[in-house]
Amino acid sequence: MNLWRVELLHLLRTWRGWTLSGVFLLASLLATLIGFLIQRSSTSSFTYDQTLDLYTAFAWLPILLWTGIAASSFAIDSNRERSVFLRLRFSLAEILISKSIFYFVLVGVLWLTGFAITFFLGLLIFDGSHQISLGWFLWGLFFFLITGIFSTALILFCGALFRGAVASVLVVIGLNLGLPIIASLLIFLELLIRGLADTPPVEWDAVSYVARTFLWWPVATYDAVIFMSVTPAEIAADTSLTLGQAIELEAAFRIKPLMSSVIALPAMALLSWRWYAKREV
Amino acid sequence: MTPILSIAGLTKEFGEVRALDELNLELEHGAVHGLVGPNGAGKTTLLSILVGLRQKTHGNIQYGVSENRVTLLPDTPDFFPFLTTREVVDLSRYPFRDRVDVGTVDKVIAEVGLEEAADRRVGGFSRGMKQRLGLATVLISEPQLLLLDEPCSALDPFGRREVLNLVSGLKGKTTVLFSTHILGDVESVCDSMTVMNNGRVLYDGSIDTFNDSREQSFEDSILELLTIDSNNSLVEKQGY
């Protein structure tokens, strides 16, 4: 028995593992089902890569659930006795590294499994004549992995900042869910004041100062995950059509949050380490 | 012979409160040493500092053994509820897997009387069972200095007797620092003791010497010692 196995059993023997797998599967099935309903109700054809865009959007809910589960697991000192048990037997590095890698791999495997299920279901049900571009797929995958690493680091950071599991879970979810909502409201307010309220959301990044500022928030790298389903037709048009919005195919898209992720990650890891190590149990 | 534990001038402050006040203590190899005192005396703080769970304000602590051979059993041990007894003990063995083989797990589980619950998940365990499991998790590491924080507090009289027998059985092999409220346990198991109040040492020495120097019973003598100290502290605080 080791810490890796403990993490795995924590998922498999409690509601966490099955619920999380179920919700990722649900996101995949929902994307396919909605695609199917759209295809039936419209005359234009629905392609499998569009179900992948839908999955990318729906996968936010399971990611939030994963965030909550991981954050409660990182709150190692919320139960003093269990904390004593762990800290007296394992070094802080062993505890935190095993948790960080485990939860990063977990979200990666579940998300990509859901993506693969959506991909194969989409190929079976919808028009599969286009092939998605491998180059853009890998670029999107890279952004996905960066988002996963940053989210894990953010959970670690909040676990170090707050002793209690509830506070840590709420703050992490609040940052992931609340920040985009607050950003959207502020952008809308700014555009309203400037008389630009009818600007389509796809142009917000170019027009709004607030939007440009919030683009530095590292989790915005998740937007670039849409590159995982770029088709040759989209490459030819130099535009990716995602959920009805045309986004310019540009490799530097979301480069700002990528830069802030790279800068923030080591700082967050160091601070987390310091706070966990200094905390008295 | 070098003491297994040597503490000099150990002080711990929480804001303006002095939980430990210039504490000195030495433990010889193989001794079972009692740590006696009322709630708030500083016993748990002392044990936590000794294993690095809390930081000292100042003072010196020196071990006569490697620090990974020092371990603590907290007063109300708790474990991951989704693991079985065998898994918890095996997890405790993991850091010491180079010198403790997997066969020891079942041996230790039997030693603490949990063999029938070896494959049960610990989530449904009573406090007494958790206490026994806690003992198994510390014994598996074959510690040279074992710190027990009120190990009998949750046990019924039979369980208490078994734990005391286990502790007695460690005499000569493992040094035990045994914190407890139950004065009778100290008298029956320990060779020596430290009586603490308000973070200060009131007595440090052998049980026999303590008993020989007093006319009252062991329990009455300790209670008298604590009462006198508390009264003196009150007088000091009021500035008389």
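In the predicted model, the largest cavity is lined by A:Trp60, A:Ile63, A:Trp66, A:Val107, A:Phe144, A:Thr147, A:Gly148, A:Ser151, A:Val219 and A:Tyr222, and about 70 Å³ of space lies within this cavity. Two elements of chain A, helix H4 (60–74) and helix H7 (134–161), each contribute at least two residues to the lining, with the largest share, four residues, coming from H7(A). When the residues that line the largest cavity are sorted by class, seven are nonpolar and three are polar, whereas none is charged.

The lining of the second largest cavity consists of 13 residues, among which A:Phe85, A:Arg89, B:Pro74, B:Pro77 and B:Phe79 lie nearest the centre of the cavity. Helix H5 (80–89) of chain A supplies at least two residues of this lining, as do strand S5 (70–73) and helix H4 (127–139) of chain B; the largest share, five residues, is provided by H5(A). By class, the lining of the second largest cavity divides into nine nonpolar residues, one polar residue and three charged residues.

Note on methods
Residues numbered from 1 in each chain as written. Chains lettered and ligands numbered in written order. Predicted model: local features only at pLDDT ≥ 70, side-chain atom pairs only at ≥ 80, totals over all residues. Heavy atoms only, no water. 1 Å grid on protein atoms, 1.4 Å probe; cavity = no way out; pocket = protein on both sides within 12 Å on 5 of 7 lines; lining within 4 Å. Points joined across faces, edges and corners; volume = space filled by probe spheres on them. Nonpolar A, V, L, I, M, F, W, Y, C, P; charged D, E, K, R; others polar.
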